[in-house]
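Study the sequence and the structure shown here, and then work through the exercises in order.

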Amino acid sequence: MRTLGRILTAMITPYDANGEVDLAEAGRIAQFLVARGNDGVVAAGSTGEGNMLDDDEKLALFGAVKAALGTTGTVIAGTTGISTRQSIALTKRAERTGIDAILATVPAYVKPTQEGMLAHFGAIAEATSLPVVIYNIPGRTAANMLPATFSELTRRHPNIAGIKESTGDVNQFTAILRERTREDVTFWCGDDYMFLPSLAVGGHGLISVAGHLASAELRALADAFDGGDADTAARIHQDLAPLVAGLFAVSNPIPVKWAMSTYGFTVGACRSPLSPMPDALTATLEPLIAPYRPAQRASSLREA
Ligand SMILES: O=C(O)C1=N[C@H](C(=O)O)C[C@H](O)C1
């Protein structure tokens with residue numbers, strides 16, 4: 001199975017002045033993210049306001065982002081929703097947009113059983129030849145996929161490529177990694193603040209929010225860890241902590257969308273019911289994001 005990358009960012013979805021998805025700007029953002037060291041992007045994830053987009057918007061977004069990246073970066077597309085039927089229908093249509101893999105999220109609101117998850121993800125995996133990345137984020141969905149369920153899914157379906165794990169629970173990470181059924185099953189941490197702990201228990205990659213701004217630092221963290229330099233990895237983790245926390249000071253993606261607007265992208269506000277960026281928060285966040293802004297980075301690199 002083709003590798004989908006190690007450091008990926010769950011990209012924001014930009015809107016134009018009329019509130020429509022801005023496909024050209026989405027392509028530009030994806031190119032910026034890959035140029036800054038991401039191996040690829042997730043489109044229409046939670047950060048991409050996937051739940052606010054209709055199916056046709058998602059398909060157009062997937063096609064535009066993949067066309068902008070070509071072979072320079074992978075695109076993992078959020079094609080699933082609450083119902084198995086609708087998830088399969090959109091996944092099949094999305095295959096034609098050239099995406100590299102799908103992100104299949106544990107269904108929200110309905111509280112599926114573990115048996116229901118086996119059936120849901122099994123049916124999706126069988127309906128597509130694309131790699132499937134399962135997204136477990138109980139804080140948003142109110143349903144936790146247990147490690148045994150994930151492991152059984154990977155045993156049954158060779159195109160289940162891995163998991164984006166967002167429980168924030170290192171015991172759960174460990175169980176998933178212990179019960180891994182195949183070498184090619186990839187563990188991506190789904191939370192920036194847990195990236196280093198996830199590497200320590202055997203995780204591989206990250207699907208990030210801070211990667212919009214600090215992908216180079218996240219990759220340096222991984223490289224330091226791989227090189228046995230735990231002190232450097234820990235220092236980068238500590239240095240990034242205020243930025244990572246700041247980006248979740250109110251519901252993601254409100255802060256990161258605002259941050260990208262200060263990086264020269266036209267992104268619009270999040271769609272309702274997500275509210276605009278609170279004015280008071282901009283003052284707190286500005287000093288946290290400033291060091292990663294491209295111009296500042298270039299000059300600080302020159303000084304180094
Ligand atoms: O969009 C995503 O995918 C991500 N969303 C999570 C969230 O919004 O809670 C965070 C994760 O890092 C990526």
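The following exercises concern a predicted model.

**Exercise 1.** Determine how many strands the closed barrel has and in which order they run.

*Solution.* Step one: the closed barrel contains 8 strands. Step two: their order is 1-2-3-4-5-6-7-8, with parallel pairing. Step three: from one strand to the next, the twist averages 25°.

**Exercise 2.** Describe how strand 1 is joined to strand 8, and state which helix packs on the sheet there.

*Solution.* Step one: strand 1 (residues 7-10) and strand 8 (residues 205-208) run parallel and are joined by 3 bridges. Step two: T9 stands opposite S208 in strand 8. Step three: helix 9 (residues 211-226) packs on the sheet and touches strand 1 and strand 8. The direction of helix 9 makes about 165° with that of strand 1.

**Exercise 3.** Locate the two residues that UniProt lists for "binding site", and decide whether T47 is buried or exposed.

*Solution.* Step one: the unreviewed UniProt entry lists T47 and I207. Step two: T47 is found in the loop between strand 2 and helix 2, whereas I207 is found in strand 8. Step three: buried means under 20% relative accessible area. T47 has 3% relative accessibility and therefore counts as buried; I207, at 2%, also counts as buried. Step four: beyond four places in sequence, the contacts of T47 include A10, H212 and N252, while those of I207 include A10, K164 and W188.

Definitions and conventions
Residues are numbered from 1 along each chain as its sequence is written. This is a predicted model: local features need pLDDT of at least 70, side-chain atom pairs count only at pLDDT 80 or more; totals for chains, interfaces and linings use all residues. Side-chain values use heavy atoms; hydrogens and water are left out. Two strands pair if DSSP finds at least two bridges between them. Helices (H or I, at least four residues) and strands (E, at least two) are DSSP runs, numbered from the N terminus. Axes are lines fitted to C-alpha atoms, for helices over the stretch in contact, and angles run from 0 to 180 degrees between N-to-C directions. Contact means heavy atoms within 4.5 Å. UniProt positions are given in the numbering used here, feature names are shortened, and annotations may be inferred rather than shown by experiment. Buried means under 20% relative accessible area, exposed over 50%, partly exposed in between (1.4 Å probe, protein chains only).
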